[in-house]
Amino acid sequence: MGKKDEVSQQFLEALEFRGIKRRDFLKYCGATAALLGLSEVYGPKIAAALEKATKRQPVIWLNFASDSGCTEAFIKATYPSPAEVILDILSVDYNETIMAAAGKQSEEILASSRKTGGYILIVEGGIPTKKGHGMIGNREMLDVFKETAASAVAVIAIGSCATDGGVPAAKPNPSQIIGTGAAMEKTGIKKPLINLDLCPVNPEYLVGVVVNYLLLGKIPDLDHLGRPKMFYGQTIHDNCERRAHFDGGRFVEKFGSPEEALGYCLYKMGCKGPMTYSACPKIQYNARTSWCIKAGGPCIGCAERGWTDKFAGFYEPLPGVKIPGLGGVEAGADKLGAIAAVATAAGIAVHAATTAASGRTKDKDGGKK
Amino acid sequence: MARITIDPMTRIEGHLRIDVEIEGGKVKDAWTTGTLFRGFEIILQGRDPRDAWHITQRICGVCPTSHGHTSSMSMDDAFKVRPPDNGRILRNIIEGAQFVHSHILWFYHLNALDYVDVVSALKAQPKEGSLKKVQAKLKSFVESGQLGPFANAYWGHPAYKLPPDVNLIAVAHYLEALEMQAKAAQVSALFGGRMPMTMTSPPGGVTHVPTVDDLKNYLFRVKELQAWIDNVFLGDLLAIAPFYLGAAGVGKGPANFLSWGVFEDASFDPKKRLLPRGAVFAADFPKVHEAKPEDVMEHTKYSWYKGSKPLNPAVGETDPEYTGYDVNKKYTWAKAPRLQGKPMEVGALARMVVAYASGQPVAKKLIDDTLAKIGHAGKPQVLFGIIGRIAARTLECKMVADSMYQWGLDIIENIKKGNTAVYTDYKIPNKAQGIGLWEAPRGALGHWIDVDNKRIKNYQCVVPTTWNVCPRDDNGMRGPIEEALIGTAVHDSEKPLEVMRVVHSFDPCLACTVHVIHPESNRIMDFKVS
């Protein structure tokens, strides 16, 4: 640890005062560095940078047409508790779910924040555009968004409702809900926008983006959908713990079966992992306790834009996929395992094919190890 | 007469507006308004029924598991499939962990700031080292001038009764509870994959085959939660209660209670669930009445829907139609459900009252012991109100956590006998109808499914907060929260802390409430799911 980056004794003691063990904090910074794709050496640098910040970064967190699942996900982050670190590093000035003030007093806070500006706006939930279908303080949610986004330094849309309307915007979208990007277009607001698709958001993604901003003063590299490449650069299939069974043609055909107990591949049970870009297998959920596929739940593709309609029939196997390595053979789930078992490279080829099938262009560095 | 509008109502889930009229320092009339409409039932039409348990979890991110389970139960009913014993127990476990996390979160992070004056904690004179540290942390936080979520609140309001030292302990536990609610959610994730939005309870049971490692891990996690609930959570209830016993009669409401029952028994008899099914009416407490779904009627005279005839959910007809806020005409997206024509309170207090009246031994002992400790032995009616709702959630949290430990042992016993089944396979019939009746932490939850040509034809939900936060019915009878607000003394109409206490005591969850639309008559029928 170089002198310049050394975290002061005083700061670590202050953290302990806040109930955060120094070992946990340094581990947190190490974990954050890993999330950001930096070497572990950067851990102490992150700690030092956060210490130097004299003023906690203000955050305004608006809930629109959401179910508060992303707020819930956010406060489930632990080991070490980014929730606590964020409470101390950030200044969460407005979040209706946790703030003590209400009604008039909370409106005052929002008004004064808009005047001061300089905050990161976190958006949870899509924005209804049908009159009267979404109101806060007797005002249309779209107006509340417009006024608040106007003074933000950057906007982070968390969860699939915020990025494209999510489940409540699925066909036929009864309240005509739109995502944050569309709302910015509609209201003529131009601000940096980071999309964190997932239902709900993985809290580690949110913490990673915020720390990236505080550290480097800029938003991370984004893909063509505005999602950080560090979290959305590879498919779930790429990193799945059950991948070897896919390649070996060993599949679960019934929930709770001996094959499930052996951790075989869930492809035939409808798993959308091959078409879904997210770091779920690496980062997992709830303090890395588990994740969907580990617990025997086939991926429903909730990190993808429009997933509720795109992947409808969550338990139906993905439709036949082309395997270019075998001369453009189209295979359903039944054949796929057998073909994969003989062609060791097929798995990778399937990945490329499904990527093309879903209309995505692969990022230059995506998929590389 | 002064009119107070609280909009947004904070420290709840979702978007709620509260209006009260004050006369002579007391609430004379009240109106509750759900201000967001999403329309989940329309979205479900035409889809593969098996998708419904995932989609309905997105009705509520606070109690997704309850929606998921209720949905899968409606399909278990429709497809005539029953989960094996381990499947039943694992669903109970995933649900139980959600109850524990939800109650901790509500007590400390949503409700406590109505009773705990954070700024007063600065005046405490703690002797114990860890409390000194918390106080120093709080001091540096306040001195930074950036109060974050604690800014612009009602600190110093005369309705705050706790001495500084107790306030400080509560602040310390506020922080500790943040960790504990996350740990409780990890237990849901252990068997559910993640929380919120668990992944492993489709119709037929659960997908996951628990390993010895899972069960060992589970039991020790539950032990940690139990120890914390016994030592800290119940301790805080008993430490805070004496200072607020004067508020015991506040926020009574209609005192009619409904529970569909939750935590399935091996017999699958809803009256034998850990928290049993039943209804209790104020007029003849403590008699327990049958709670039947066919006795539910929904009124829409004061809600933003077309049509005004009260109807049973199975034959409901409603179209959303926003006509502006007018308390004399229509003023909310929530409908007004009634059981046998009566407004019903739902939630932990309702479940504990029904359990107590049904003679459930664990609930009865917990309640009797607590009543004795606060000097009201033999008078359970004293719990009808804001203090009772706080007590009921705390006691229920203990009851559920203790049962969770036993459920883990039950699975181990099954495995010892060679019974490892967690899932029963089924075929989706061409036509089928089913009902799932269950409880979310916030109260009675029902899903109705109608399958035609293996697709969802109709899907309907009647959810907890709709019961509590509903408007007046066609006869002009107020909803439970509206009724509970009447007579509440308000010291300062600029800072209506006492109003917030009554509303928070119901733990409202508006995302659940205002999505309801009945498919029979709605006109958006011509879409196809790709």
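Predicted model: local features only at pLDDT ≥ 70, side-chain atom pairs only at ≥ 80, totals over all residues.
**View 1. The loop between β5 (135-136) and β6 (139-140) of chain A holds A:Asn138.** Most residues other than glycine have a negative phi, and most peptide bonds are trans. With 12 other C-beta atoms within 10 Å, A:Asn138 is exposed.

**View 2. A:Arg288 is found in the loop of chain A between α15 (280-283) and α16 (307-310).** Although A:Arg288 is not a glycine, its phi is positive, at about 60°.

**View 3. A cis peptide bond, with omega of about 0°, joins A:Cys199 and A:Pro200.** The proline of this pair, A:Pro200, lies in the loop of chain A that runs between β9 (193-196) and α10 (203-216).

**View 4. In chain B, a cis peptide bond joins B:Asp7 and B:Pro8.** Omega for this bond is about 10°, and B:Pro8 has its place in the loop between β1 and β2 (16-23) of chain B.

**View 5. Helix α5 (residues 129-143) packs with helix α6 (residues 164-192) in chain B.** The two helices meet at an angle of about 85°, and their axes are 10 Å apart; α5(B) and α6(B) are therefore roughly perpendicular to each other. On the side of α5(B), the residues that take part are B:Leu131, B:Val134, B:Gln135 and B:Leu138, and they meet B:Leu168, B:Ile169, B:Val171 and B:Ala172 in α6(B). Sorted by class, this contact of α5(B) with α6(B) has seven nonpolar residues, one polar residue and no charged residues.

**View 6. Helix α9 (residues 361-373) of chain B packs with helix α10 (residues 386-416) of chain B.** Their axes are 10 Å apart and the packing angle is about 135°, which makes α9(B) oblique to α10(B). The crossing of these two helices, α9(B) and α10(B), is right-handed. From α9(B) the contact is made by B:Val362, B:Ala363, B:Leu366, B:Ile367 and B:Thr370, while from α10(B) it is made by B:Ala391, B:Leu395, B:Lys398 and B:Met399. The residues of this contact between α9(B) and α10(B) divide into seven nonpolar, one polar and one charged.

**View 7. B:Ile387 has its place in helix α10 of chain B.** B:Ile387 counts as buried, because it has 25 C-beta neighbours inside 10 Å. When its neighbours within four places in sequence are left aside, B:Ile387 is in contact with B:Ala241, B:Tyr244, B:Ala247 and B:Ala248. B:Leu190, by contrast, is 197 residues from B:Ile387 in sequence, and the two lie 34 Å apart in space, C-alpha to C-alpha.

**View 8. Chain B and chain A meet in a contact that takes 75 residues from chain B and 74 residues from chain A.** On the side of chain B that touches chain A, the elements that give two or more residues are β1 (2-6), α1 (40-44), α2 (52-55), α5 and α6 of chain B. Of these, α6(B) gives the most, with ten residues. By class, the side of chain B that touches chain A has 41 nonpolar, 20 polar and 14 charged residues.

Notes:
Residues numbered from 1 in each chain as written. Chains lettered and ligands numbered in written order. Axes fitted to C-alpha atoms, helices over the stretch in contact; angles between N-to-C directions. Helix = DSSP H or I, 4+ residues; strand = E, 2+ residues; numbered from the N terminus. Parallel < 35°, antiparallel > 145°, perpendicular 65-115°, else oblique. Left-handed = near helix turned anticlockwise from the far one by under 90°. Contact = placed C-beta atoms within 7 Å. Nonpolar A, V, L, I, M, F, W, Y, C, P; charged D, E, K, R; others polar. Buried ≥ 20, exposed ≤ 12 C-beta atoms within 10 Å, placed from the backbone.
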